[in-house]
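Hello,

Here is the structure we talked about handing over. Please open it first, then read the notes below with it on screen.

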Amino acid sequence: MKKLKIIAFLIFSLAMTVVTNSCNNSHCNISLQSKNDSLNYAVGIKEMTIVRDALLKKNDTITAEDKSNVIKGFNFLYNNKDLDKDQIRAIYNGIMMGDNFNYILKDGFLFGDSNIVNNIDIICQGITDAIYLRDWVKDSRSAQKWIQNKVHTPLTKEEVDTANYIMGFLNGHQIRNMVLKTDTSKEFKEIFCKNLFEAMDGSKSAYLEGIKGYNNFKKRFADNTIIFNDSDFVKSEDILLAGFFCYFEDKTPLIEEKEALDMLTNYFQSRSSKIKEEINESKKEHDNFFEENLKKENVFETTDKNVQYEIHKKGEGEIATVNDTILAHSIISIRGEKEIDNSYKKGKPIKLSLYNMTPAWKEIFTQMPAGSKFTIYNRHDKKTDPSDPIPPLSIMTFEIEILQIIKGK
């Protein structure tokens, strides 16, 4: 079965235009009266281009039906926010698998052999039996061996049916391993199979892109009041959605696509320049912090000038090697003030693999026995990413208590 193509998401940029036109439908009945409005609309247009370009990778043209199905897919999840995660995953993965499976079926015959014509009902039965563990054969190897022995030889009608069944079984076996490995509920499988079989004819390809469009929208914007970690850029969901939908509803956009994308590019360039200025202003302050911090008792340097550590208590237990894992509690904050994470509050220690640590951190942890308490001061190095919630070059503090050394990675 073809591996799923995952459309990478892009994060977008913006600029400054005031437009006062308006669209005449449920999604686009808005006007743009501020820079913030225009930027929101431009983000919506950029979101639209991701879905549109994904459709064009599958077909040379986008039909009116395709556009309608994108809207239906997006609105299905947008209007059913009470669906639980398992239901959404069963629907999403079912349609995605079915849409990809369509590429295997669309030539009308299996295994590159025109003598073995597709029988969708039998293929679906093979998929179902594999997903529900009603194995017709002992395992997938037996099925593959049967195919190897039979393909490109004259087959009886019963053997053609068997070839169709094995085609479904092998793909169902792979689907079960990829998607259903940890999902055993009957409801999940029923929802998954229903959507899988409905999408196998390729009719839900655009609908799937609409669902992906909503998922991307939700991940990037749904829970955020501000966009791109910029307090000057407040989200307007109606306007953002209007920018997304006008293309799919064949409405004239309030901002042309090129202008919108240029607007986003200009915004990000301006935002990056602002961040660089903040870095230059804060660098001296942070350098001074490290210089003064080193004067404190029990604060030590590492081979990395951006990492220091302060020992509060040295334990008497075992000391980890670079091939070990550490069970520890930690409190992560910005400069010891703005708390980011706290394993004590969660009531669950974390595991830290020394193998994956930076050299400076390995240097610290291979000196600290179990029972030790210490703080690591680490300058945050994501310097110019506007979407990063942590300010540029912030000094992160990691308060660590080593509970146990676990031998091995």
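β8 pairs with strand β9 (residues 395-406) in the antiparallel sense, over 7 bridges. Within that pairing, R379 has I395 of β9 as its bridge partner. One caution before going on: this is a predicted model.

β8 has another partner. Strand β4 (residues 307-313) pairs with β8, again in the antiparallel sense, over 6 bridges. Look for Q308, which stands opposite Y377 in β8.

β9 also pairs with strand β5 (residues 325-334). That pairing is antiparallel and runs over 10 bridges. S330 has I400 of β9 as its bridge partner.

How many of the 7 residues of strand β8 are buried? The count is 6, so β8 (residues 373-379) is largely enclosed by the rest of the structure.

**The chain overall**

The chain has 12 helices and 9 strands. Its length is 409 residues, and 50% of them count as buried. Now take the contacts between residues at least 6 apart in sequence. Of these, 75% join residues at least 24 apart.

**Nonpolar cores**

The largest nonpolar core holds 45 residues. Y41, F74, F228 and F248 touch the most other members. The elements that give two or more residues to this core are α1 (35-58), α2, α3, α8, α9 (237-248) and α10 (257-293).

There is a second, separate core of 29 residues. Among its members are L110, I147, I166 and L180.

Back to F74 in the largest core. Leaving out residues up to four places away in sequence, F74 touches G210, I211, G213, Y214, F217, L241, F244 and F245. Two of those names, Y214 and F217, return in the next section.

**Aromatic pairs**

A search of the whole structure finds 24 aromatic pairs. Y78 and Y214 form one that is edge-to-face. Their rings are 6.2 Å apart centre to centre, with 75° between the planes. This pair links distant parts of the chain.

Y214 and F217 are 3 residues apart in helix α8, which means about one helical turn separates them. F217 is buried, as is Y214.

**Charges over rings**

Two cases to look at. The charged end of R52 sits over the ring of Y247, 5.9 Å from the ring centre. The charged end of K204 sits over the ring of Y207, 5.1 Å from the ring centre.

**Buried charged-type side chains**

Is K67 buried or exposed? K67 has a relative accessible area of 11%; the cut-off for buried is under 20%, so K67 counts as buried. K67 is in helix α2. Leaving out residues up to four places away in sequence, K67 touches I62, Y247, F248 and D250. Y247 is also the residue whose ring has the charged end of R52 over it. F248 is one of the residues that touch the most other members of the largest nonpolar core.

E47 lies in helix α1. The relative accessible area of E47 is 4%, so by the under 20% cut-off E47 is buried too. E47 and G243 are 196 residues apart along the chain, yet their C-alpha atoms are separated by 8.3 Å.

**Helix α7**

The buried residues of α7 are F188, K189, F192, C193, N195, L196 and A199. They pack against α3 (85-105), α4 (120-131) and α6 (157-178).

That is the handover.

Best wishes

How values were computed
Residues numbered from 1 in each chain as written. Predicted model: local features only at pLDDT ≥ 70, side-chain atom pairs only at ≥ 80, totals over all residues. Heavy atoms only, no water. Buried < 20%, exposed > 50% of the residue type's maximum accessible area, 1.4 Å probe, protein only. Helix = DSSP H or I, 4+ residues; strand = E, 2+ residues; numbered from the N terminus. Contact = heavy atoms within 4.5 Å. Phe/Tyr/Trp six-rings, centres within 6.5 Å; stacked < 30°, edge-to-face > 60°. Lys NZ or Arg CZ within 6 Å of the ring centre and 35° of its normal. Pairing = 2+ DSSP bridges. Core = buried A, V, L, I, M, F, W, Y, C linked by side-chain atoms within 4.5 Å.
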